[in-house]
Amino acid sequence: MRLLLAALVSALLAAPSFGSEGYGRVAFPNSGAPAAQADFLAGLALLHDFEYPAAIASFKRAQTADPGFAMAYWGEAMAHTHQVWMEQDLDAARAVLGRLGPTAAARRAKAGTERERAYMDVVEVLYGDGSKDDRDFRFEDAMAALHARYPDDVEATAFYGLAILGTAHAGRDIPTYMRAAGVLEEAWLTHQEHPGLLHYLIHCYDDPTHAPLGLRAARLYAKVAPDAGHAQHMTSHIFLALGMWRETVDANLAANAAVRRMRGADPGCGHYPTWLGYAYLQLGQVDRAREALSGCHARASSSPDAAMVMSMDPDNSRAGSLANMRLRYLVDTADWNGEAARMALPPNAGPGARLDFAFADALRAIGLKDAAGARHGLPRLQAAAREVVDLETRRGDSDPTYRVRPDIFVLEVEGLLAELEGDVDAARAKLAEAAGKEQTLPMAFGPPTIDKPTLELFGEFLARQGRLDEARTAFERALARTPGRRLAVQGLEATRTARQ
């Protein structure tokens with residue numbers, strides 16, 4: 001009987017097992033019950049796609065089919081860390097592991113193979129003692145050891161690459177990102193449709209300098225995981241960094257469609273709609289950008305966030321998404337008297353949304369040549385900025401972006417207001433200071449975090465002052481940071497035309 005059981009287990013471990021075609025094909029030989037395999041593998045593919053709630057649901061179904069299946073608990077626990085987003089729910093992850101066993105030793109004993117025990121050891125590091133940053137580095141070391149022990153295990157390679165990315169706490173760190181890319185690229189040679197390898201390579205390359213290297217992965221990933229909204233969206237990380245606006249629109253339309261298929265409703269607000277609206281603006285398709293904004297406004301108005309969201313990430317709340325989409329729309333269209341300008345701040349809006357509304361309203365007053373109105377609104381912007389800076393300072397995030405962003409907004413408004421009031425020297429100094437501050441920030445993927453890029457704004461100011469050579473240089477530098485951005489392209493062309 002023992003020999004028969006060993007033969008059955010050996011056959012199961014040797015058999016290729018694939019996850020859902022719609023989320024990507026994965027293979028992970030394991031000792032779980034046959035009835036748990038489909039859900040476990042679907043959960044693993046969803047985990048690679050960052051479809052975390054769906055992954056958790058799949059892993060829980062696998063646990064129901066095989067309550068002692070250690071790797072199903074491993075997968076659910078892994079879904080509570082979002083390495084690239086620097087997020088982790090430590091208590092939830094520890095609770096998952098606690099359902100498997102009361103101690104690390106008890107949990108390890110339930111793993112069916114030595115390889116599975118190695119995976120359990122690594123997840124214990126991720127959710128062990130110490131600060132999150134310390135655990136991130138220890139987790140990277142543990143994944144490096146697992147990868148070295150099982151060099152042909154593509155899952156170990158993929159999660160090792162992701163672990164490396166998870167140590168870039170201060171924002172994009174090019175050496176760290178390229179080290180991760182080196183690990184992932186080697187495995188990709190023999191696993192060209194693996195959803196994790198493709199996804200994490202896109203993250204490695206989603207900046208203007210390296211985006212050409214990620215174009216291959218972006219085009220493949222869209223086909224590999226057609227039903228994963230995040231996978232469809234991720235391709236636009238490369239397209240946007242290259243100024244490929246039509247492709248960015250199509251990717252986020254596909255992402256919204258995948259969300260509708262998975263959840264039965266259009267998101268309205270959030271990550272994919274905000275990127276979609278931004279891409280429409282870059283194409284000059286103002287009507288469609290306005291439709292995207294109106295869709296989020298309707299969603300935020302009919303179903304407001306239950307409580308004020310303290311996160312500065314606009315995608316974390318409907319109010320935050322609306323505020324940021326409105327800001328980008330007004331910045332890129334100068335539609336100061338339209339519907340967007342009249343939108344009200346949603347109830348329970350967090351500090352990030354209040355900052356974006358105050359900044360947009362100050363820009364509107366300046367756009368309407370209303371110096372008194374801008375001067376009157378400046379204290380509101382300054383107060384919102386102080387609130388965000390104080391909050392971010394207390395939070396102590398290693399990435400300074402959201403801590404510095406409010407100061408740049410204030411400098412931009414002060415500079416434009418000084419110009420409007422006739423103090424050109426003060427305007428130049430303020431805008432130059434804003435540009436200097438933005439250059440110290442790590443490169444952000446996606447639409448610019450400084451929604452009116454400072455070099456673009458400085459170029460427009462210099463052009464108005466007739467300093468065309470300096471303006472052209474500013475626009476060229478702006479486009480190096482935000483390739484293909486419509487207003488910077490138009491500004492650069494205008495300076496060249498004026499010189500002819």
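Is Tyr278 buried or exposed? At 3% relative accessibility, Tyr278 counts as buried, where buried means under 20% relative accessible area, exposed over 50%, and partly exposed in between, with a 1.4 Å probe and protein chains only. The model is a predicted one, in which local features need pLDDT of at least 70 and side-chain atom pairs count only at pLDDT 80 or more, whereas totals for chains, interfaces and linings use all residues. Residues are numbered from 1 along each chain as its sequence is written, and side-chain values use heavy atoms, with hydrogens and water left out.

The structure holds 14 aromatic pairs, a pair being two rings of Phe, Tyr or Trp (for Trp, the six-membered ring) whose centres lie within 6.5 Å, with planes under 30 degrees apart counted as stacked, over 60 as edge-to-face and the rest as tilted. One of these is formed by Trp74 and Tyr119, which are edge-to-face at 5.5 Å centre to centre with 85° between the planes. Because Trp74 belongs to helix α4 (residues 70-78) and Tyr119 to helix α7 (residues 114-126), this pair ties together parts that are 45 residues apart in sequence; helices (H or I, at least four residues) and strands (E, at least two) are DSSP runs numbered from the N terminus. Trp74 is buried at 2% relative accessibility, and Tyr119 is buried at 1%.

A further pair brings us back to Tyr278: its ring and that of Trp245 have centres 5.9 Å apart and planes at 75°, so the pair is edge-to-face. This pair links distant parts of the chain, with Trp245 in helix α14 (residues 245-263) and Tyr278 in helix α15 (residues 271-283), 33 residues apart. Trp245 is also buried, its relative accessible area being 8%.

Ring pairs also link Phe28, Phe40, Phe59, Phe69, Trp74, Tyr119 and Phe159 into a cluster. Over the ring of Phe28 sits the charged end of Arg115, 4.2 Å from the ring centre; a charge sits over a ring if NZ of Lys or CZ of Arg is within 6 Å of the ring centre and within 35 degrees of the ring normal. The charged end of Arg216 is placed over the ring of Trp188, 4.0 Å from its centre.

Asn348, although not a glycine, has a positive phi of about 60°; Asn348 is found in the loop between α18 (339-342) and α19 (351-367) and is partly exposed, with a relative accessible area of 40%. Lys369, which is not a glycine either, has a positive phi of about 60° and lies in the loop between α19 and α20 (371-395), where Lys369 counts as exposed at 64% relative accessibility.

Turning to the whole, the protein has 25 helices and two strands. Its radius of gyration, taken over C-alpha atoms, is 25 Å, close to the 23 Å that the globule rule gives for 500 residues, so the protein is as compact as a globular protein of that length; the rule is 2.2 Å times the number of residues to the power 0.38. Along its principal axes the C-alpha trace spans about 90 × 45 × 40 Å. Of the 500 residues, 55% are buried. Among contacts (heavy atoms within 4.5 Å) with a separation of 6 or more, 63% are between residues 24 or more positions apart.
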